[in-house]
Amino acid sequence: MTEELVIMRDRQAVTTSLQVAENFEKEHKNVLQSIKNLVAENSATKDMFVEGTYVNRGKEYPMLYMNRDGFSLLAMGFTGKKALQFKLKYIDAFNQMEKQLQQQKPLSLPEQISLIAKGYESLSADVKDIKDRMGLPSNMAHSFSKKRNAKIINVLGGKKSNAYRDKNVRAKTYRALFSSYRETFDQDRYNDLPMKDFDKVIDFVNNWYPPFELQQEIQMANAQLAIV
């Protein structure tokens with residue numbers, strides 16, 4: 001999880017309460033409470049945090065997204081040499097993500113409509129540019145997620161395999177696939193992939209296999225006695 005300190009969400013650089021809890025070695029429930037206390041003390045901080053959820057062992061739990069201001073305010077209370085190191089890493093991660101957003105900011109729906117309504121002479125070229133910059137719509141994102149999950153299950157040897165049931169091996173395989181995806185498509189989130197590249201990313205998943213070392217780890221896990 002630490003490989004993605006900052007992510008892109010709704011065209012904004014954010015991190016999550018889960019990331020903060022993990023990297024600053026704090027209980028997630030305590031991080032959530034600290035944020036609630038900040039919002040209670042000053043309602044102006046409310047827009048710095050957005051509610052979200054995550055899934056763990058099939059159950060859904062609350063978490064919070066926060067922008068740079070929200071993180072900075074929250075991290076003020078974290079002290080120590082290690083805390084300072086992670087603050088600096090987060091600052092750099094926010095800078096990198098915001099730089100990327102400035103270089104290629106996805107168009108909002110009103111912006112798309114406005115461009116088309118202006119009636120440019122090269123309307124077809126404009127429409128193509130919009131499609132090229134749009135992230136995956138929900139139906140495509142869902143199809144991709146199913147394809148990706150099916151690939152992971154297949155690579156690990158099926159849902160009943162030792163490798164799949166070992167959450168560390170399973171998580172490592174997901175991270176390996178994401179790392180290859182990010183290197184291939186130069187994107188930091190699956191859903192930010194341009195719609196025009198959907199067929200390419202499906203082919204990528206179909207043809208992807210873990211690096212040799214991870215393949216060996218999967219084989220060793222599946223060769224062991226069944227995990228109880």
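This is a predicted model: local features need pLDDT of at least 70, side-chain atom pairs count only at pLDDT 80 or more; totals for chains, interfaces and linings use all residues.
Modeller: Residues are numbered from 1 along each chain as its sequence is written, and side-chain values use heavy atoms, leaving out hydrogens and water.

Biologist: Fine. What makes β3 and β4 paired strands?

Modeller: Strands are DSSP runs of E, at least two residues, and helices are runs of H or I, at least four, numbered from the N terminus. Two strands pair if DSSP finds at least two bridges between them. β3 (residues 49–56) and β4 have eight bridges, so they pass that rule. They run antiparallel. Along β4, Phe-49 stands opposite Met-66, Thr-53 has Pro-62 as its bridge partner, and Val-55 faces Glu-60.

Biologist: And how do you know that β2 pairs with β4?

Modeller: Two bridges join β2 (residues 12–16) to β4 (residues 59–66), and the rule asks for at least two, so the pair counts. Those strands are antiparallel too, with Thr-15 opposite Met-66.

Biologist: Why is the sheet called open?

Modeller: Four strands form it in the order β1-β2-β4-β3, with antiparallel pairing. β1 (7–9) and β3 stand at the edges with a single partner strand each, so one side of each has no neighbour in the sheet. The twist averages 50° from one strand to the next. Helix α2 (residues 28–41) packs on the sheet, touching β3 and β4, and its direction makes about 50° with that of β4. Helix α3 (residues 68–75) packs there as well, touching β2, β3 and β4, at about 95° to β4. Those angles, on a scale from 0 to 180 degrees, are between N-to-C directions of lines fitted to C-alpha atoms, for helices over the stretch in contact.

Biologist: What sits between β3 and β4?

Modeller: They form a hairpin with two residues between them, and Arg-57 in the turn has a positive phi of about 55°.

Biologist: Why is Glu-60 called exposed?

Modeller: Buried means under 20% relative accessible area, exposed over 50%, and partly exposed in between (1.4 Å probe, protein chains only). Glu-60 has 58%, so exposed it is. Glu-60 lies in strand β4 and touches Thr-53, Tyr-54 and Val-55, not counting residues up to four places away in sequence; contact here means heavy atoms within 4.5 Å.

Biologist: How do you know that Asp-197 and Lys-196 form a salt bridge?

Modeller: The rule wants a side-chain nitrogen of Lys or Arg within 4 Å of a carboxyl oxygen of Asp or Glu. Their N to O distance is 3.2 Å, so the pair qualifies. Asp-197 also meets Lys-200 at 3.9 Å, and the three residues are linked in a network. The count comes to five salt bridges.

Biologist: What makes Asp-188 and Arg-182 a salt bridge?

Modeller: Their closest N and O atoms are 3.9 Å apart, and the limit is 4 Å, so they count. Arg-182 has a relative accessible area of 25%, so the label is partly exposed.
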